[in-house]
Amino acid sequence: MPYPQELQELIKTVEQTRSERVERKRKGIEVGALSLKERDKRLKSYHPDFKDDSRREIRVGPSKGYAISPEIVDTLESGSRLNPDDIDLNDISYETDLLIIGGGGAGGSAALVAAGAGAKVIIATKLRLGDANTMMAEGGIQAASKLKSDSPYWHYLDVIGGGHFTNDPDLVRTLVREAPSTLAWLEGLGTMFSKEPDGTLKTMHGGGTSRKRMHYAGDITGAEIMRTLRDEIHNHPDRIDILEFCPAVELILDSGGRCAGAVLYNLDTHEYIVVRAKAVILATGGSGRLHIRGYMTTNHYGATGDGLVMAYRAGVPVVFLHSVQYHPTGIIFPEQAEGLLITEKFRGAGAHIVNVDGDQFVYEREPRDVEAASIIRECSDDVGKEVPTPSGKCGVWLDSPMLEFLHGPGYVKKEFPGKYILFKRYGIDISKEPMLIYPTLHYQNGGIEFKSDASTVLEGLYTAGEVAGGVHGENRLMGNSLLDVTVFGRIAGHSATEYAMNKDMPEGLSLDHVVRYHKELKKARIDTGMHSPVILPDYTNPDVKEKQVVIAP
Amino acid sequence: MASQTVPVEVKSETKSEEKLIPINVMDRRYMVPENLTIMKALEYAGYQLTRGCGCRGGICGACGTVYRMPDSHRIEVALACQTIVKEEMFLSQIPFFPRNKAIYDLYEIEPEQSTLSEFYPEIFKCIGCGTCTRSCPQDIEVMDYVAYAIRGEIQKVAELSFDCVMCGLCIARCPAEEAQPLVAILARRIYGKHIAPKAKHLSDRVTQIENGHFDKSLEDLMKFDAEKLKELYVKREKESELPDPDWEPEDKSHL
Ligand SMILES: Cc1cc2nc3c(=O)[nH]c(=O)nc-3n(C[C@H](O)[C@H](O)[C@H](O)COP(=O)(O)OP(=O)(O)OC[C@H]3O[C@@H](n4cnc5c(N)ncnc54)[C@H](O)[C@@H]3O)c2cc1C
Ligand code: SF4
Ligand code: SF4
Ligand code: FES
């Protein structure tokens, strides 16, 4: 739906301040970035992570006592979907060198590297291969590829500063050091990165970058990477088997306590499937669909944090889950598109964020958490400069038309065709009208603990991507996640293959760790009334839900 | 408006005062709120989707849907996650349509006029009916890229098909039994690998790294405590935001 009359009136205010704001941007005299101290204060006062009830201690398991989002705690404190006694682990359906759980960017990269190194691979994934957050990434992928202006050194500083200096240094080094070769690998697979006629990769800024280091493929960078990986995976049917609509629900350990496969669940036929593997790579991605604090999300349908639960039960600690990333610019109007992401590239290109008075109240390239907190502040009673939406919510403006003044007419449509068409469908022309935005749940900063060779404390279990934590510390910068999943996905593929090639098929498969976990829950008198992993969010209308019955056989 | 918590998807959209309209899901009639997308309407009606739902953001191509309005003979197409329900529409999702992908070694392929048709010889059977173009929810000129594929103009196919989400609706409706999106991705990959100019600065940088050029500076950074890192972080020079390909920092150390 187009902007109603009331909002059109408010847009006039934005238009009135625009030329002056453009002028100031050209001269470089606008609202500046906050100092580190001010950032800290802003976060503590307004970021959802710092709200009173935003964290709760986990009461069982390897990270007992660690306080994180209650929604994630609930999944960790729930019982398994399986009754271990009911599963016959001798009835093995598949055997393989390597089981990769999750068919997104991390799982896909791992599979190609592992198959290339000679391993026999199974990818088990929840929906289709590529139905994943990776597919949805629009903005770009960072790497210090420019010789005269950038290097891994500067990339490192940006990453660790963005993460509030909490990141694991070895993981950061690996990320920035392997970035250029990973980008070159993707180029070699035929990924169509946007380039100048001489082959120079086009780059731009992102929030928190000191150099233009964001490489992109139009405004569908993640989709271009994911469909390329998927196509290449399909080129190796002799080495890579794909089990779609088969989410993993529990890891399997062997008699020596090593990871030895997983129990999958076929969503079409509702049967359990046992896979025995010499090594497992967990690449299940993030958890936006747990709707932390009731927030809308940018994430794909299957992002329910399953990997955290499975690994945790098997003894792997979780780290950095106390911070959750809210993307500053989610669509808040029109409601049909609610929660969807407006890529940071708009701000990278210079678009201001302005309040109901048309004033720029925050530098548009603060790190994401600071930017989000600033928007929430502007809409709070303390400031009260929000723009009200027809359905009683509120947001602020992202002044996309400003880019037409900064970069020339036609820029918005040319650089952001996806978003241009999306809004056009609702009768809004974002090259002429600003967008109404509010922070949206976006990225799971933390995850299971792992090392720079992608190994975990559980022998035989490797991990990569959004499910793993430490690379980005408490806050990830845009473009470093596509990078993370491909860099560490490849490393996981390599390390797990090396490990598996020297091993025999594991023996003595068991789910005893699940039994033990259940006992621990019982001892702590915890009963959430739920089972986990969650697998899919339930959006069924509650009235219908109430009446849904299971007919006895 | 203190600390706004935005309600999650469905809850926000099933307010009781909303007007309900009838839609027909595979010929079964349901009353759903008029402002929902087809996907959310299915869920409102009580479906727990497994197939036919992926990204919920218009990019994965899982949710291809065909529908007809009672007063028209036309078959319309939509992505269920992107399209608002229409009163009395008759719809069916087509979450999957069979297609046979050719297997190739991209490293060995030489981009020639006949390359695409070698792997997908059926492209010559295209009768130019334009049904694919009319069936594309992404408004891609599908027939045109098939025509370019027949002529062997790989770059053109790559560019025209760039926004393809591989939903398969064009495959489902093609009288000549083509698999258009598979031809398209082959073209895009050949273009990306063999035709587009190489990023020389990238391979130069990879060589520098392999030669250990940055090992020392990275090791130093790893040793610094947070205070020292903060100091360096705050002092970083910021590259200009406006387009300036020749920008260079004053501080040329660590490059
Ligand atoms: C809208 C959006 C825009 C983004 N933009 C950018 C950007 O511009 N730049 C950037 O760097 N990053 C961006 N990100 C972040 C980035 O895309 C993700 O963090 C990253 O792609 C995650 O990759 P992954 O492989 O770890 O997880 P995913 O790509 O999500 O893949 C995980 C896979 O595991 C599957 N899975 C889940 N549970 C199970 C289970 N139990 N069993 C089996 N399979 C399972 C999922 O279905 C999925 O296929 C964006 C994210 C979103 C949502
Ligand atoms: S070209 Fe075909 S597969 Fe691609 S988006 Fe259009 S209809 Fe879907
Ligand atoms: S639908 Fe098939 S036959 Fe018709 S134009 Fe498209 S590719 Fe050709
Ligand atoms: S669910 Fe991905 S395109 Fe609709």
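In what order do the strands of the open sheet of 3 strands in chain A run? The order is E13-E19-E21, with mixed pairing.

## Basis of the model

This is a predicted model: local features need pLDDT of at least 70, side-chain atom pairs count only at pLDDT 80 or more, and totals for chains, interfaces and linings use all residues. Residues are numbered from 1 along each chain as its sequence is written, chains are lettered from A and ligands numbered from 1 in the order in which they are written, and side-chain values use heavy atoms, with hydrogens and water left out.

## The sheet in chain A

Strands here are DSSP runs of E, at least two residues long, and helices are runs of H or I, at least four, both numbered from the N terminus. Two strands pair if DSSP finds at least two bridges between them. Strands E13 (318-319) and E21 (468-469) of chain A are the edges, each pairing on one side only.

Strand E19 (447-449) of chain A runs parallel to E21(A), and 2 bridges join them. A:Ile448 has A:Ala468 in E21(A) as its bridge partner.

The whole structure holds 6 cavities of 30 Å³ or more. On a 1 Å grid over the protein atoms alone, a cavity is a set of points where a 1.4 Å probe fits but cannot get out; a pocket is an open set with protein on both sides within 12 Å along at least five of seven lines; lining residues have an atom within 4 Å of a point. Points are joined across faces, edges and corners, and a volume is the space filled by probe spheres set on them.

The second largest cavity has about 100 Å³ of space. Its lining has 14 residues; B:Cys126, B:Cys129, B:Cys132, B:Cys174 and B:Gln180 are the closest to its centre. Helices H4 (131-134) and H5 (142-151) of chain B each supply at least two lining residues. Around ligand 3 are 13 residues (a heavy atom within 4 Å). The closest are B:Cys126, B:Cys129, B:Gly130, B:Cys132 and B:Cys174.

## The second largest pocket

The second largest pocket has a volume of about 950 Å³. Of its 35 lining residues, A:Lys146, A:Glu196, A:Thr203, B:Asp244 and B:Pro245 are the closest to its centre. Domain 1 (5-50 + 324-441) and domain 2 (79-323 + 445-500) of chain A both give residues to the lining, so the pocket lies between them. The domain bounds come from an automatic or database assignment.
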